[in-house]
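Reader: I am new to this structure. Please show it to me, and then I will ask about it.

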Amino acid sequence: MTPRTHLADFLREHLLLTGTHIGCEHGICGACTVEIDGEIARSCITYAVTCDGAHVRTIEGFDDDAAMARLRRPSRRRTRCSVATARPAC
């Protein structure tokens with residue numbers, strides 16, 4: 001790991017915690033969101049070395065959380081989006 005390795009890359013490549021995703025690489029989209037010592041952080045703009053000794057919780061750390069389990073359930077509502085329409089048929 002180099003000093004400039006981002007936390008998201010470290011989590012995915014070294015710890016194989018692939019639930020954290022890199023979307024925009026600017027910390028805007030939220031796909032890389034983690035908890036660092038109980039505070040919300042964007043792992044795509046956080047250097048991994050700054051987390052040495054910190055408690056980092058990824059989406060995998062919420063496996064036993066009842067609220068998160070409900071959020072991860074597949075939606076029964078189906079949406080259909082089409083290139084032929086000006087807006088999604090939702």
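Reader: What share of the 90 residues of the protein counts as buried?

Author: This is a predicted model, in which local features need pLDDT of at least 70, side-chain atom pairs count only at pLDDT 80 or more, and totals for chains, interfaces and linings use all residues. Residues are numbered from 1 along each chain as its sequence is written, and side-chain values use heavy atoms, with hydrogens and water left out. Buried means under 20% relative accessible area, exposed over 50%, and partly exposed in between (1.4 Å probe, protein chains only). Of the 90 residues of the protein, the buried share is 21%.

Reader: In what order do the elements of the protein run from the N terminus on?

Author: Helices (H or I, at least four residues) and strands (E, at least two) are DSSP runs, numbered from the N terminus. The protein has two helices and three strands. From the N terminus on, the order is α-β-β-β-α.

Reader: In which order do the three strands form the open sheet?

Author: Two strands pair if DSSP finds at least two bridges between them. Strand 1 and strand 2 run antiparallel and are joined by four bridges. The three strands form an open sheet with antiparallel pairing, in the order 2-1-3.

Reader: Why is one side of strand 2 and of strand 3 left without a neighbour in the sheet?

Author: Strand order settles this: the sheet runs 2-1-3. Strand 2 and strand 3 therefore stand at the edges, and each has a single partner strand.

Reader: Which residue in strand 2 does V34 stand opposite?

Author: Look at strand 2, which covers 39–42. The residue there that stands opposite V34 is A41.

Reader: Which residue forms a salt bridge with R57?

Author: A salt bridge is a side-chain nitrogen of Lys or Arg within 4 Å of a carboxyl oxygen of Asp or Glu. The structure holds one. In that pair the closest N and O atoms are 3.8 Å apart, and the partner of R57 is E35. The pair links distant parts of the chain, 22 residues apart: R57 is in strand 3, and in strand 1 sits E35.

Reader: Is T58 buried or exposed?

Author: T58 lies in the loop between strand 3 (56–57) and helix 2 (66–72). Contact means heavy atoms within 4.5 Å. Leaving out residues up to four places away in sequence, T58 touches L11, L17, T20 and V34. Its relative accessibility is 6%, so T58 counts as buried.

Reader: The side chains of T58 and which residue are joined by a polar contact of 2.6 Å?

Author: A polar contact is a pair of N or O atoms within 3.5 Å; within protein, one must be able to donate a hydrogen and the other to accept it, and residues adjacent in sequence count only if both atoms are side-chain atoms. The side chain of T58 has such a contact at 2.6 Å, and its partner is E60.

Reader: What is phi of L16 near?

Author: Most residues other than glycine have a negative phi. L16 is found in the loop between helix 1 (7–13) and strand 1 (33–36). At 64% relative accessibility, L16 counts as exposed. Its phi is positive, near 60°.

Reader: And what is phi of E25 near?

Author: E25 is also found in the loop between helix 1 and strand 1. With 56% relative accessibility, E25 counts as exposed. Phi of E25 is positive too, near 65°.
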